[in-house]
Amino acid sequence: MTDLYYDIQGSGPVLLVLPGGAGHPMGLGPLTDALADRFTVVVLDPLGLAHGRLGAPVDDQRVEDWSDRARRVLNTVLADGDTAYALGTSAGAVVALDLLARHSERLRHVVAHEPPCVGVLPDGDRQQAMFREVVGIYRTAGLRAAAARMTAGLTEQPASTPFAGQPLTREEELGNPMALSLAHVLLPFTSYDPDLTALASGPLTLAAGTDSRGQLLYRTAEFVAKETGAAFAEFPGGHLGAVQHPDAFAEHLTTALLGSSD
């Protein structure tokens with residue numbers, strides 16, 4: 001039995017897609033369809049949530065574990081000596097940064113779209129405290145209240161209070177990818193400290209949505225790009241641009257990746 005879960009479609013150079021949230025690739029179908037004419041699209045499902053494991057027990061997650069799974073998938077789908085492109089979105093963008101820092105020999109170019117590794121920022125401690133508050137609200141008041149607090153934090157707007165609601169049961173949590181993200185992914189991934197020195201020598205583009213200008217994760221992407229000397233690109237939409245504007249997002253991604261080719 002394997003712990004590697006992924007899907008493949010299309011033809012051309014390999015493009016590894018690392019979804020956000022709890023790694024469930026929900027909503028990314030239109031994007032991967034749009035990319036499949038140009039790439040062999042490999043979508044990682046790190047917890048197997050879309051492969052029959054939604055509802056199974058989940059522990060707190062580690063960026064490095066997802067990154068190691070991504071490396072193993074690349075070793076499976078690539079011939080010896082070949083390299084792949086990679087796109088990571090949100091939590092998946094944090095994984096993409098770790099993958100590039102530790103396994104650059106397998107990567108041709110990486111696009112990290114709005115990685116929430118906010119600890120790199122000058123006000124990183126305050127931002128990480130905000131995410132801890134989000135998780136605390138999730139535990140006491142449920143999904144809707146936590147989402148409201150996180151939206152306020154990401155848009156850097158004052159939070160409205162109080163946050164009322166009911167916590168999910170364990171069974172409800174295990175059946176909900178967003179709940180799993182809040183319970184087991186958000187804190188370790190937003191606490192991840194990227195190796196900026198290693199990333200400075202890697203083929204990397206940081207990306208953020210045009211609708212995210214002035215927001216926390218746009219600022220984070222810009223900061224990582226500046227500190228590493230990586231390229232910075234604006235993509236259509238906001239944090240969920242890959243889902244909300246799949247065709248335009250695919251065009252911008254293709255330009256960012258193929259434009260970086262030798």
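The accessible surface of the protein chain comes to about 11,200 Å² (Shrake-Rupley method, 1.4 Å probe). Carbon and sulfur atoms hold 49% of that surface. This is a predicted model, in which local features need pLDDT of at least 70, side-chain atom pairs count only at pLDDT 80 or more, and totals for chains, interfaces and linings use all residues. Residues are numbered from 1 along each chain as its sequence is written, and side-chain values use heavy atoms, with hydrogens and water left out.

Overall build comes next. The protein chain has twelve helices and seven strands (DSSP runs: H or I of at least four residues for helices, E of at least two for strands). Its C-alpha atoms fill a box of roughly 55 × 45 × 30 Å along the principal axes. Of the 262 residues, 53% are buried (under 20% relative accessible area, 1.4 Å probe). Among contacts (heavy atoms within 4.5 Å) with a separation of 6 or more, 77% join residues 24 or more positions apart.

Now the interior. A nonpolar core is a set of buried Ala, Val, Leu, Ile, Met, Phe, Trp, Tyr and Cys residues joined through side-chain atoms within 4.5 Å.

| Core | Size | Members include |
|---|---|---|
| Largest | 65 residues | Leu16, Phe131, Phe189, Leu204, Leu206, Leu216 |
| Second, separate | 19 residues | Leu15, Val41, Val43, Leu87 |

Leu206 touches Ala112, Pro115 and Phe232, among others, not counting residues up to four places away in sequence.

How values were computed
Buried means under 20% relative accessible area, exposed over 50%, partly exposed in between (1.4 Å probe, protein chains only).
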